[in-house]
Amino acid sequence: MSEPPDALDPVGLCARCAHARQIHHPHGGAAYWRCGVSDADPKYPKYPRLPVVTCAGFEQSRSGPDSDYGSAESRDT
Ligand code: SF4
């Protein structure tokens, strides 16, 4: 018996996307993900519902997502 896909990959494409930024909760807890494409294109959600399994804006990241350790600017923009 296999696991459901979201249990194996709870983030999906955003984890490998050049436009994604991982936001760490300042008090611990689960990180969330911000979509950089949403700044220019309102069709994309700022905080995508995970896992993202298909996305026209996906672009493979060479180094993994940017990481932001909970700055107010990243959370509020
Ligand atoms: S473009 Fe798609 S895959 Fe990339 S961060 Fe935005 S929602 Fe995630």
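Predicted model: local features only at pLDDT ≥ 70, side-chain atom pairs only at ≥ 80, totals over all residues.

Residues are numbered from 1 along each chain as its sequence is written.

**Confidence**
- The protein chain has a mean pLDDT of 81, and 74% of its residues reach 70 or more; pLDDT is the predictor's confidence in each residue, from 0 to 100.
- Over residues 69–77 the pLDDT is below 50, and this stretch has 10 contacts in the model beyond near neighbours in sequence, a contact being two residues whose C-beta atoms, placed from the backbone, lie within 7 Å.

**Overall fold**
- The protein chain has 2 helices and 3 strands, which follow the pattern α-β-β-β-α along the sequence; helices (H or I, at least four residues) and strands (E, at least two) are DSSP runs, numbered from the N terminus.
- Among contacts in the protein chain with a separation of 6 or more, 56% join residues 24 or more positions apart.

**Burial and the core**
- Of the 77 residues in the protein chain, 18% are buried; a residue is buried if 20 or more other C-beta atoms lie within 10 Å of its own, exposed if 12 or fewer, and partly exposed in between, with C-beta atoms placed from the backbone.
- The largest nonpolar core has 9 residues, namely Leu13, Cys14, Cys17, Ala20, Ile23, Trp33, Cys35, Val37 and Val52, and strand 1 and strand 2 each supply at least two residues of this core.
- A nonpolar core is a set of buried Ala, Val, Leu, Ile, Met, Phe, Trp, Tyr and Cys residues joined through C-beta atoms within 7 Å.
- Valine 52, one of the core residues, touches Gly12, Leu13 and Cys14 when residues up to four places away in sequence are not counted.

**Alanine 31 and arginine 34**
- Alanine 31 sits in the loop between strand 1 (20–23) and strand 2 (32–35), and it counts as partly exposed because 15 other C-beta atoms lie within 10 Å.
- Arginine 34 is found in strand 2 and counts as buried because it has 22 C-beta neighbours inside 10 Å.
- The C-alpha atoms of arginine 34 and histidine 19 are separated by 8.3 Å, although these residues are 15 residues apart along the chain.

**Two prolines in one loop**
- Proline 48 is found in the loop between strand 2 and strand 3, and it is buried because 22 other C-beta atoms lie within 10 Å.
- Leaving aside neighbours within four places in sequence, proline 48 is in contact with Cys14, Trp33 and Cys35.
- Proline 51 lies in the loop between strand 2 and strand 3 (66–68), and the peptide bond from leucine 50 to proline 51 is cis, with omega near 0°.
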